[in-house]
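Let's walk through this model together, from the whole chain down to single side chains. Please keep the 3D view open as you read.

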Amino acid sequence: MTVTYTARVANARFCGFSKLLLVWKGSIYKVLYKEFLAFFAMYTAISVTYRFVLYDDQKRYFEKLAIYCNHYASLIPMSFVLGFYVTLVVNRWWSQYTSIPLPDRLMCVLSGGLQGSDERGRLLRRTLMRYASLSALLILRSVSTAVFKRFPTMDHVVEAGFMTREERKKFEGLHSPYNKYWIPCVWFTNLAAVARCEGRVKDDHTLKLLLEELNGFRGKCSMLFHYDMISVPLVYTQVVTLAVYSFFLVCLIGRQFLDPSQGYPGHDLDLYVPIFTLLQFFFYAGWLKVAEQLINPFGEDDDDFETNWLIDRNFQVSMMAVDEMYGDLPMMERDRYWNDSNPRPPYTAATLFVLRKPSFQGSTFDMAVPKEEMHFQPLEEIAENMEESSNRHPNMALFNRLLNTAPSPTGLMGGALRRTSAQLQRLRHSPSIDQCTSDDDDDESCKIGKGGSLPSGLGQENQSTASSFTDEKSLRTPLLEIKFGAEQERRGGHPAHSERKEVSGAKGRNDGEWQMREEGGDEGSTTWEAQAPVSVSPLPPPPQSSMETSTRPASTVPIACHRTSAFQFHPTAHSSLEHCSSQPAINHNRAVPTIPKPPFAGKKKSFLTVPTYNEPQRFRSVSMGSDLTGS
């Protein structure tokens, strides 16, 4: 019977596997000891001949031959050839075991599908099950030497009770040059059809299920037959065998200990017994012996399948299932946990430690989360944090570098782009109005435009100037209110005159300070161009604050509107307005918004203003993600 040592290695203990080394039955010692003794005897004979028989000149020649054999023996791919071969054989060995036909599924379907507790019903069930067992016996008798020795002739099969004499005559009367293990399966199908006609099989579905199980049983018998007929290719087995034996034949000469006085490299010691060569033979030759045993598991080796035991077990179990156990049911009664909603089987003292272990709830069950991080956050705060993080997106620096290095059609355009980049840099490092959360209208830190900062909408990525100011008015305190034609008419002044008056007053006082703030200008470009934030109409009016208590609020820029447009400009203005756009637009017939006085000497203004000159200026619009050009 197959050597079973599973219980000995149920628990991994110190030197647990070392106890298996003393087992003789099924061990590598029992399989390999003859080859090992033969190899060691030949090695000893060659060593004695070299040391005591050969002359000096013959010893020199043998030493050269030993060095040559040892050098080229490593060219034989022992590990690769043996490893692949043994893997193939082991997979084939297990597949053959799973192909052994077992009657368990068939007997369950037969016991439940073929009705009748009378003599006829019992005869039908036992005969059908015997036909299945006969088919398995015939195929095992064809492939297993142990089963063939037990049933060498058909007379032994009849005498054992698997076949009647009448069935033997019919079996031998069917002439076929091939193996006839399938004939009992055909008898099974014919008898099942008779049982269906008699009403013993209640419906066609049950008959179909019965025949499907029989076909699975017959398919396994067929697989055993094909495994026996088609082996591992002979050439592969020959290659592996020749590789192993030729390698160790070469080692008989190449692994000899040579005379240390000759000074050969690697031959400084003379140990007489080649310990590592013997170990190598033990491992490689033992590996080959494993493949030799598993390539045909239906023999009589210690680890071959116990086919005779399987025949006895299957026949006895199947007959009991379809005969004695047919209709045999124990009396139904309530179990001991009938009224227990949480049934728990008892434990012995040896297994009580299992009860004390907590049940597994998941890998994150014991995970600790800080208490302050357990509160849900409102979606509005999450959206605001995401918006602020997008304003600080690292792509803004890339946009600034593109503005600095972007080619321009004229020197004026190039200078304007550089000035725009410098102004955006100041915007990023200046105090932002977005950080003001106080409701105090007199707080100077919450004034719009304090410290020369512009609205944060200019620094946002992938948004137009008009869109950014629209979002600011909808989310925070309004930054700017642009009043169109009605406001301008109420004030009774022309935007051009207003602009000239305010700029001329501020020019004399703050000319030097504005030159210090101008970082991006060059000699070829004109003076600093103010970047006035504008908003798209209609917008809700901003809440009243102390910023609007002056005669003219800094957050209000009156612009005369003569036609439907988002931005209205006066044709006589000579100042330029910078939005955020990379397309220059030259148009002197459009209105220019008035520029209030700069926020110096205690004056409260909402954005930066610059002095203008009398020479004509170009109007340019710079915007991110917008096509507005001032039209």
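Residues are numbered from 1 along each chain as its sequence is written, and side-chain values use heavy atoms, with hydrogens and water left out.

The chain averages 74, and 61% of the residues score at least 70. Over residues 431-631 pLDDT stays under 50, and for this stretch the model has 356 contacts (heavy atoms within 4.5 Å) beyond four places in sequence. Where pLDDT is low, the predicted coordinates should not be read in detail.

Now for the overall make-up. The chain has 20 helices and four strands; these are DSSP runs numbered from the N terminus, with helices being H or I of at least four residues and strands E of at least two. Of the 631 residues, 39% are buried, where buried means under 20% relative accessible area, exposed over 50% and partly exposed in between, using a 1.4 Å probe and protein chains only. Among contacts with a separation of 6 or more, 75% are between residues 24 or more positions apart.

The unreviewed UniProt entry carries the annotation "transmembrane region" for residues 36-54, 75-94, 234-257 and 269-288; its positions are given in the numbering used here, feature names are shortened, and annotations may be inferred rather than shown by experiment. In the model, residues 234-257 are 88% helix and 0% strand, with end C-alpha atoms 37 Å apart. For residues 269-288 the end C-alpha atoms lie 31 Å apart, and the span is 70% helix and 0% strand.

Between helix H11 (234-254) and helix H12 (275-294) there is a loop that holds Tyr272. This residue has a positive phi of about 70° although it is not a glycine, and Tyr272 counts as exposed because its relative accessibility is 52%.

Next, find helix H13, whose 18 residues (307-324) reach 25 Å from first C-alpha to last, close to the 26 Å expected at 1.5 Å a residue; the expected span is 1.5 Å times one less than the number of residues. Its buried residues, including Leu310, Ile311, Met319 and Val322, pack against helix H4 (104-113), helix H5 (119-143) and helix H6 (145-150). Helix H5 is also the place of Arg130, which counts as buried because its relative accessibility is 13%. Beyond residues up to four places away in sequence, Arg130 touches Gly161, Phe162, Met163, Thr164, Glu167 and Met319.

Finally, look at the aromatic rings. Rings of Phe, Tyr and Trp (its six-membered ring) pair if their centres lie within 6.5 Å, with planes under 30 degrees apart counted as stacked, over 60 as edge-to-face and the rest as tilted. By this rule there are 24 aromatic pairs. The rings of Tyr85 and Tyr236 have centres 5.2 Å apart and planes at 85°, so this pair is edge-to-face. It links distant parts of the chain, with Tyr85 in helix H3 (residues 78-98) and Tyr236 in helix H11, 151 residues apart. Both Tyr85 and Tyr236 are buried.

Notes:
Predicted model: local features only at pLDDT ≥ 70, side-chain atom pairs only at ≥ 80, totals over all residues. pLDDT = per-residue confidence, 0-100.
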